[in-house]
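User: I would like to go through this model step by step. Can you take my questions one at a time?

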Amino acid sequence: MILLLAGTMEARNLAGMLAQSGIDCIASLAGVTESPAPYPVETRVGGFGGAEGFEAFLDAQEITAVIDATHPFATEITRRTAKICAARGLPYLRFERREWRSRQGDAWHEAADIADLARIIPPRQRIFLATGRQTVDQMGHLEHAYIWARVVDAPSEPFPLENGAWVVGRPPFSQAAEEALFAELRPDWLVVKNAGGASGRAKLDAARALGMSVAMIARPPAPEGITRREDVLDALEWAEAHA
Ligand SMILES: NC(=O)c1ccc[n+]([C@@H]2O[C@H](COP(=O)([O-])OP(=O)(O)OC[C@H]3O[C@@H](n4cnc5c(N)ncnc54)[C@H](OP(=O)(O)O)[C@@H]3O)[C@@H](O)[C@H]2O)c1
């Protein structure tokens with residue numbers, strides 16, 4: 001039985017391919033999104049309860065290989081899983097979609113991390129955050145004029161920063177829809193994590209079309225010495241070899 005650590009569009013695609021190939025697989029979601037789109041394989045939801053809970057799960061489900069297709073910025077689950085699998089001699093694959101690279105006409109500014117955004121974005125700017133709910137509380141250092149944060153589920157709590165608002169929306173978004181949203185809100189800056197992937201690229205193409213500046217937060221480094229794939233078909237091939 002393969003464990004697929006999920007929570008990304010690519011993980012859902014991979015789950016579909018595994019199901020079609022008849023490979024036994026259980027998908028795992030952290031439970032961050034309230035009502036995630038269903039996966040075409042058996043799915044469990046919620047944290048494992050730390051490293052001990054995770055190891056107990058591996059034993060109980062007789063997991064023979066792990067594909068970690070969590071988000072490139074989900075560093076804790078990746079670090080821990082890679083370490084535990086290495087210690088147990090359990091085959092582990094990190095699937096991580098290719099990073100975005102700027103094209104001609106893009107106005108990208110690289111930030112090392114969230115703290116570094118204040119170096120890049122001048123004061124009194126209108127800023128659109130596409131960095132996820134968890135990052136909004138860390139943006140207090142920005143001297144913004146206005147700030148929007150896009151979230152999948154409508155939060156029950158008020159927006160945590162002054163002069164700002166939630167924007168509720170569930171990906172994927174087309175470039176046309178992103179352009180229409182940006183044309184309406186008129187942000188000066190789009191802030192994104194360098195997550196990579198085809199579907200998330202639409203907001204970057206929309207920003208280029210509208211001449212918006214982009215603050216691109218660099219990826220945290222992946223654990224060293226792990227097996228990695230960037231293409232879903234390559235990950236499927238690995239799964240077939242380890243099923
Ligand atoms: N970070 C992002 O920007 C981002 C963006 C989009 C989607 N996501 C998705 O959201 C989830 C949480 O992200 P994060 O950055 O909070 O993760 P994280 O900091 O790396 O992990 C925190 C804890 O969440 C639980 N967890 C994470 N992924 C899990 C999974 N697939 N199945 C079961 N438990 C999981 C684990 O809890 P226990 O210790 O209890 O096992 C883990 O210790 C990930 O699955 C990721 O793919 C993250």
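Analyst: An open sheet of 6 strands runs in the order 3-2-1-4-5-12, with parallel pairing. Keep in mind that this is a predicted model.

User: Which strands stand at the edges of that sheet?

Analyst: Look for strands with a single partner strand. One side of each is left without a neighbour in the sheet, so these are the edges: strand 3 (42–45) and strand 12 (227–229).

User: What does the twist average from one strand to the next in this sheet?

Analyst: Take the order 3-2-1-4-5-12 and step along it. From one strand to the next, the twist averages 25°.

User: Which residue is the bridge partner of L5 in strand 2?

Analyst: Strand 1 (residues 2–5) and strand 2 pair in the parallel sense, over 4 bridges. In strand 2, L5 has as its bridge partner S28.

User: At about what angle does helix 3 run to strand 5?

Analyst: Helix 3 packs on the sheet. It touches strand 1, strand 4 (65–68) and strand 5. Its direction and that of strand 5 make an angle of about 160°.

User: Are helix 6 and helix 7 parallel or oblique to each other?

Analyst: The axes of helix 6 (residues 175–185) and helix 7 (residues 201–210) come within 8 Å. They cross at roughly 50°. Angles under 35 degrees would count as roughly parallel. The two helices are therefore oblique.

User: How many residues of the contact between helix 6 and helix 7 are nonpolar?

Analyst: Helix 6 brings residues including F182 and A183. Helix 7 brings others, among them A202 and L210. The contact divides into 1 polar, 4 charged and, for the nonpolar ones, 7.

User: How many residues of the shell around the ligand are polar?

Analyst: The ligand is surrounded by 23 residues, and the closest are G7, G47, F48, T70 and E76. Strand 2 (25–29), helix 2 (50–60) and helix 3 (75–88) each supply at least two residues of this shell. The shell divides into 10 nonpolar, 2 charged and, for the polar ones, 11.

Conventions. Residues are numbered from 1 along each chain as its sequence is written. This is a predicted model: local features need pLDDT of at least 70, side-chain atom pairs count only at pLDDT 80 or more; totals for chains, interfaces and linings use all residues. Axes are lines fitted to C-alpha atoms, for helices over the stretch in contact, and angles run from 0 to 180 degrees between N-to-C directions. Angles under 35 degrees count as roughly parallel, over 145 as roughly antiparallel, 65 to 115 as roughly perpendicular and the rest as oblique. Two residues are in contact if their C-beta atoms, placed from the backbone, lie within 7 Å. Ala, Val, Leu, Ile, Met, Phe, Trp, Tyr, Cys and Pro count as nonpolar, Asp, Glu, Lys and Arg as charged, and the others, Gly among them, as polar. A residue is near a molecule or strand if its C-beta atom, placed from the backbone, lies within 6 Å of it. Two strands pair if DSSP finds at least two bridges between them.
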